[in-house]
Amino acid sequence: TGKVSPAATLPVTLVMLEAVRDFRARTGRQVGVKPAGGIRTTKDAIKYLVLVNETAGPDWLSPGWFRLGASSLLNDLLMQRRKLTTGAYSGPDYFTLD
């Protein structure tokens with residue numbers, strides 16, 4: 001995912017997770033998943049992490065087995081952390097906004 005629009009969606013990621021889960025059940029070999037594109041907010045990332053845990057299981061909740069390919073997500077995550085510590089969102093002078 002990530003090379004076409006709309007790229008990573010929850011339904012597409014669900015299919016990928018079911019495939020790798022079933023592959024491990026049949027072969028004993030675990031492979032990773034990296035949905036990319038379209039994951040821009042921290043709230044979106046949490047949805048994907050819940051999907052991973054509920055579909056493939058907690059074994060995939062590590063950077064070696066599940067990664068989000070979303071560079072713009074970092075900005076939102078930093079803004080959310082700043083809001084938690086200061087109580088206010090920072091302006092565009094502090095973080096790049098895509």
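Guide: Start with Asp22. Its partner in a salt bridge is Arg21, and the closest N and O atoms are 3.1 Å apart. This is a predicted model, so the distance is computed from predicted coordinates. How far are these two residues open to the surface? Asp22 has 33% relative accessibility, so Asp22 counts as partly exposed. Arg21 comes out at 30% and is also partly exposed, since that class runs between the 20% and 50% cut-offs.

The pair is one of three salt bridges found in a search of the whole structure. In general, side chains of opposite charge can pair when their charged atoms come close.

Next, take Arg24. Its side chain meets that of Asp59 in a salt bridge, at 2.9 Å from N to O. This pair links distant parts of the chain. Arg24 sits in helix 1, Asp59 sits in the loop between helix 2 and helix 3, and 35 residues separate them. Arg24 is partly exposed, because its relative accessible area is 26%. Asp59 has 45%, so Asp59 is partly exposed as well.

Then there is Lys47 with Asp44. Their side chains meet in a salt bridge at 3.9 Å, N to O, where the cut-off is 4 Å. Both residues lie in helix 2. They are three residues apart, about one turn of the helix. Lys47 has a relative accessible area of 47%, so Lys47 is partly exposed. Asp44, at 22%, counts as partly exposed too, because buried would require under 20%.

The largest nonpolar core has 14 residues. Leu17 and Ile39 have the most contacts inside this core. Helix 1 (10-27) and helix 2 (42-55) are the elements that give two or more residues to the core. Helix 2 gives the most, with four residues.

What does Leu17 touch? Setting aside neighbours within four places in sequence, Leu17 is in contact with Val33, Leu51, Val52, Thr55 and Ala56.

Thr13 is placed in helix 1. Its relative accessibility is 0%, so Thr13 counts as buried. With neighbours within four places left aside, the contacts of Thr13 are Ala8, Pro35, Tyr48 and Leu51.

Thr42 belongs to helix 2. At 18% relative accessibility, Thr42 counts as buried, because the cut-off is 20%. Which residues does Thr42 meet beyond four places in sequence? They are Leu73, Asp76, Leu77 and Gln80.

Leu77 leads back out to the surface. Together with Leu74 and Leu78, Leu77 forms a nonpolar patch there. The accessible area of the three together is about 240 Å². Leu78 is found in helix 3 (residues 71-86). Leu78 has 33% relative accessibility, so Leu78 counts as partly exposed.

To recap the charged pairs: Arg21 with Asp22, Arg24 with Asp59, and Lys47 with Asp44.

How values were computed:
Residues are numbered from 1 along each chain as its sequence is written. This is a predicted model: local features need pLDDT of at least 70, side-chain atom pairs count only at pLDDT 80 or more; totals for chains, interfaces and linings use all residues. Side-chain values use heavy atoms; hydrogens and water are left out. A nonpolar core is a set of buried Ala, Val, Leu, Ile, Met, Phe, Trp, Tyr and Cys residues joined through side-chain atoms within 4.5 Å. Buried means under 20% relative accessible area, exposed over 50%, partly exposed in between (1.4 Å probe, protein chains only). Contact means heavy atoms within 4.5 Å. Patches are made of residues with over 30% relative accessible area and no salt bridge: like charges are joined within 9 Å, nonpolar side chains (Val, Leu, Ile, Met, Phe, Trp, Tyr) within 5 Å. Accessible areas come from the Shrake-Rupley method with a 1.4 Å probe; for residues, only the protein chains shown count as cover.
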